[in-house]
Structures are given as structure tokens and as C-alpha cells.
Amino acid sequence: MADLVSREPIFRVHCKVADILDLGPAPFGHRRVVNLLGGTVTGARLNGRVLAGGTDMQIMAADGSLDIHARYTLQSDAGALIQVDSRGMRHAPPDVLARLAKGEDVDASLYYFRTVMRFETAHPSADWLNHILALARGTREKNAVRLDVYEVL
């Protein structure tokens, strides 16, 4: 069990995001939607871009923790279209969550932001993604999200 994930990220994602659409406390939880505006993918195993049009559907708990479910599409430099299904969570002490909500730059070591990622593509150059799971460590910026993506070994 020593090495459960790759030592280095297989790629990194930087995605610009729209303002949070706060739907409020619905019957099954406080719902929020974050539309993804596009971005870049860079790394040892994959380079390309995040296509605009994805969404991050969130449920916010009473303590401000987030249950995250993002679905979006990557396009590799080789032309592969890759569907991403990412599920995870973000939580932190109340003061850190308040700073994030204001759009402040907050050191990612002060909060927990992780996702499990699955991929689907028909393109031969990226077929390897159909056969792996990945874990991502996230950083929230004012109008963007950064993900360091590691392959589960």
C-alpha cells in the first residue's frame, strides 16, 4: 500500500469559473451551481484545454462543507474529447470558508478539497484514461479552480 497514487500529477487543470449560482436550501440540501468557463490542461500525460459548458453541482452542508459533482469535457492537443466525471468534497474551519467565500487567496493547506475522477473517451490517443481512476487535489481561486490530478495505481 506504499504507493497508491502516482508520485507526480499526470496532469494539471486550471479552469475559470463563473460566479456561484446559489439556489438556496432546497428539500434535499442547500444547492449551488458553478458553471465552468474553460481552461487549460498541462502535464506529463495530457495537454489540452477544458471546454466551456461544464458544471459543478454542489450541495452545501450546514457547516459550509461542500459535496461536489462536476461534469465537463477536456479536449487534448491530439483532438481527443474526454468526458470527466468528478465527485468530491471541500471543507475547512468556518474562518477559512468565510475567506474562500469572499474570493480571497487562501493557502490550500488550510482546507481539504479532493475529488475522485473518471474519464471516458472514444479517441485512441487517450484510451488509457478509460481504464484508470484519478484523485485530484484542488485549490480554489477567486474565479478559478486548480486541480493536480494523480493516477490511482
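Trainee: Which element gives the most to the lining of the largest pocket?

Mentor: Rolling a probe the size of a water molecule over the atoms shows where empty space is left. In this predicted model, H1 gives the most to the lining of the largest pocket, namely 3 residues.

Trainee: How much space lies in that pocket, and which residues lie nearest its centre?

Mentor: The largest pocket holds about 320 Å³ of space. Its lining has 18 residues, and Ile20, Arg32, Leu100, Ala101 and Arg140 lie nearest the centre. Strand S5 (55–60), H1 and S9 are the elements that give two or more residues to this lining.

Trainee: Which residues of H1 are buried, and how are they placed around the axis?

Mentor: An α-helix has 3.6 residues a turn, so residues three or four places apart point the same way. In H1 the buried residues are Val96, Leu97 and Leu100. They lie on the same side of H1, because they cover an arc of only 100° around the axis. S7 and S9 are among the elements that cover these buried residues.

Trainee: What does the face of H1 turned away from the buried side carry?

Mentor: That face carries Pro94, Asp95 and Ala101, which are exposed. Just after H1, glycine 103 has a positive phi of about 85°.

Trainee: How many cavities of 30 Å³ or more are there?

Mentor: The count is 1 cavity of 30 Å³ or more. About 220 Å³ of space lies in the largest cavity. Among its 19 lining residues, Asp56, Ala70, Phe113, Val145 and Leu147 are the closest to the centre.

Trainee: Which elements supply that lining?

Mentor: At least two residues each come from S1, S3, S5, S6, S7, S8 and S10. The largest share, 4 residues, comes from S6.

Trainee: Which residues touch the most other members of the largest nonpolar core?

Mentor: The core has 36 residues, and those touching the most other members are Phe11, Tyr72, Leu74, Phe119, Leu129 and Val149. Two or more residues come from each of strand S1 (11–17), S3, strand S6 (66–76), strand S7 (81–91), helix H1 (94–101), strand S8 (112–121), strand S9 (134–141) and strand S10 (144–151). S6 gives the largest share of this core, with 5 residues.

Trainee: What does Val149 touch?

Mentor: Leaving aside residues up to four places away in sequence, valine 149 touches Pro9, Ile10, Phe11, Val13, Met117, Phe119, Ala134, Leu135 and Ala136.

Trainee: With which strands does S1 pair, and in which sense?

Mentor: S1 pairs with S10 in the antiparallel sense over 6 bridges. S1 also pairs with S3 in the antiparallel sense, over 6 bridges.

Trainee: Is S1 mostly covered or mostly open?

Mentor: In a regular strand the side chains alternate between the two faces of the sheet. S1 is mostly covered, with 5 of its 7 residues buried.

Trainee: Why does valine 34 count as buried?

Mentor: Valine 34 has a relative accessibility of 4%, and the cut-off for buried is under 20%. Valine 34 lies in strand S3 (residues 29–42). Apart from residues up to four places away in sequence, valine 34 touches Val17, Ala18, Ile20, Gly54, Thr55, Asp56 and Gln58.

Trainee: How far apart are valine 34 and valine 145?

Mentor: Valine 34 and valine 145 are 111 residues apart in sequence, and C-alpha to C-alpha they are 11 Å apart in space.

Conventions: Residues are numbered from 1 along each chain as its sequence is written. This is a predicted model: local features need pLDDT of at least 70, side-chain atom pairs count only at pLDDT 80 or more; totals for chains, interfaces and linings use all residues. Side-chain values use heavy atoms; hydrogens and water are left out. Buried means under 20% relative accessible area, exposed over 50%, partly exposed in between (1.4 Å probe, protein chains only). Contact means heavy atoms within 4.5 Å. A nonpolar core is a set of buried Ala, Val, Leu, Ile, Met, Phe, Trp, Tyr and Cys residues joined through side-chain atoms within 4.5 Å. Two strands pair if DSSP finds at least two bridges between them. The arc is that of the directions from the helix axis to the C-beta atoms. On a 1 Å grid over the protein atoms alone, a cavity is a set of points where a 1.4 Å probe fits but cannot get out, and a pocket is an open set with protein on both sides within 12 Å along at least five of seven lines; lining residues have an atom within 4 Å of a point. Grid points are joined across faces, edges and corners, and a volume is the space filled by probe spheres set on the points.
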